[in-house]
Amino acid sequence: MCAEADSGGHTDAAVAYTLMPAMTGLRDRIVAERGYPDGIRVGAAGGLGAPESLAAAFVLGADFVLTGSVNQCTPQAGTSDAVKDLLAQADVQDTGYAPAGDMFEIGARVQVLRRGTLFAARANKLYQAYRRYDGLEAIDAKLRRTIEEGWFRRDLEQVWKETREYHLRAGRPQEVERAERDPRHRMALVFRWYFVHSTRTAMRGDPAERVNYQIHTGPAIGAFNRFAAGTALADWRNRHVDAVAEALMAGAAEVLRDRFSSLGR
């Protein structure tokens, strides 16, 4: 079982310092109640980008750790070089929160790279518009012009046409029928187009759409960039996933050794 604190991508912003003790305590209680002969391992994830973070996770009781954001800035990651260049320049304060495209209407959030893009600001504006207006026709002329000319680079009716055709091809005519009855649902589907578009352009590394890149990541990437500065791992092309894991685990072991040695003096 893995306990995920505030992480890149979909997140509920949990805090590792409170989450891990709660989860390990729950594990211990259930193991005792059920009489399980073997222990249940609990891992930690979210915010793990520096050796000190991994060391803290182990002190909190983690049996293993799972990294995420740091792996997106490696040669093995399936995203574009343009995205990796942006991630390699990020610091710990360079992330922000935006609506999740797949759960847009309920306001679920994702954590994304803020530096070098305008995705978070634009996505949040779209969600505010969804909350405020009853449909696309109700959006004020200035905001609509900004969305069409500056963000989507096509008019909203064209986006709806593409979205409608997509749902029909995908065998979801009920979505189209609902949208044609409910202007607000139609608006949500049109706005969702932006979230798909921003992910695809980032994956392709389209230079003309750089400000719209949707890049899921947490502050862990900034922590790793600080840790890697001045070493061969400063260049993401050298950050093979095994090298990243080895550097973080070896660094965590060193941190733990030094901390416990100092406590024994």
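The side chains of Asp235 and Arg237 meet in a salt bridge, 3.3 Å from N to O; the term means a side-chain nitrogen of Lys or Arg within 4 Å of a carboxyl oxygen of Asp or Glu. Asp235 is partly exposed at 34% relative accessible area, and Arg237 is partly exposed at 42%. Buried means under 20% relative accessible area, exposed over 50%, and partly exposed in between (1.4 Å probe, protein chains only).

This is a predicted model: local features need pLDDT of at least 70, side-chain atom pairs count only at pLDDT 80 or more, and totals for chains, interfaces and linings use all residues. Residues are numbered from 1 along each chain as its sequence is written, and side-chain values use heavy atoms, with hydrogens and water left out.

**Salt bridges**
- The structure holds 15 salt bridges.
- Salt bridges with shared partners join Arg27, Asp28 and Asp63 into one network.
- Arg27 is buried at 15% relative accessible area, whereas Asp28 is partly exposed at 44%.
- Glu137 pairs with Arg186, with the closest N and O atoms 3.0 Å apart.
- This pair links distant parts of the chain, 49 residues apart: Glu137 lies in the loop between helix H4 (119-132) and helix H5 (141-152), and Arg186 lies in helix H8.
- Glu137 is exposed at 55% relative accessible area, but Arg186 is buried at 11%.

**Helix H3**
- Val83, Lys84, Leu86 and Leu87 are buried in helix H3 (residues 81-88).
- Seen down the H3 axis, the buried residues fall within an arc of 160°, so they line one face of the helix; the arc is that of the directions from the helix axis to the C-beta atoms.
- They pack against strand E6 (109-113), helix H8 (183-204) and helix H9 (220-228).

**Surface patch**
- Met1, Tyr36 and Ile40 make a nonpolar surface patch of about 270 Å².
- Patch residues have over 30% relative accessible area and no salt bridge; like charges are joined within 9 Å, nonpolar side chains (Val, Leu, Ile, Met, Phe, Trp, Tyr) within 5 Å.
- Met1 sits in the segment before strand E1 (2-4) and is partly exposed at 47%.

**Whole chain**
- The chain has ten helices and six strands, taken as DSSP runs numbered from the N terminus (helices H or I, at least four residues; strands E, at least two).
- Of its 265 residues, 44% count as buried.
- The accessible surface comes to about 13,700 Å², and 52% of it belongs to carbon and sulfur atoms; areas come from the Shrake-Rupley method with a 1.4 Å probe, and for residues only the protein chains shown count as cover.

How values were computed: Contact = heavy atoms within 4.5 Å.
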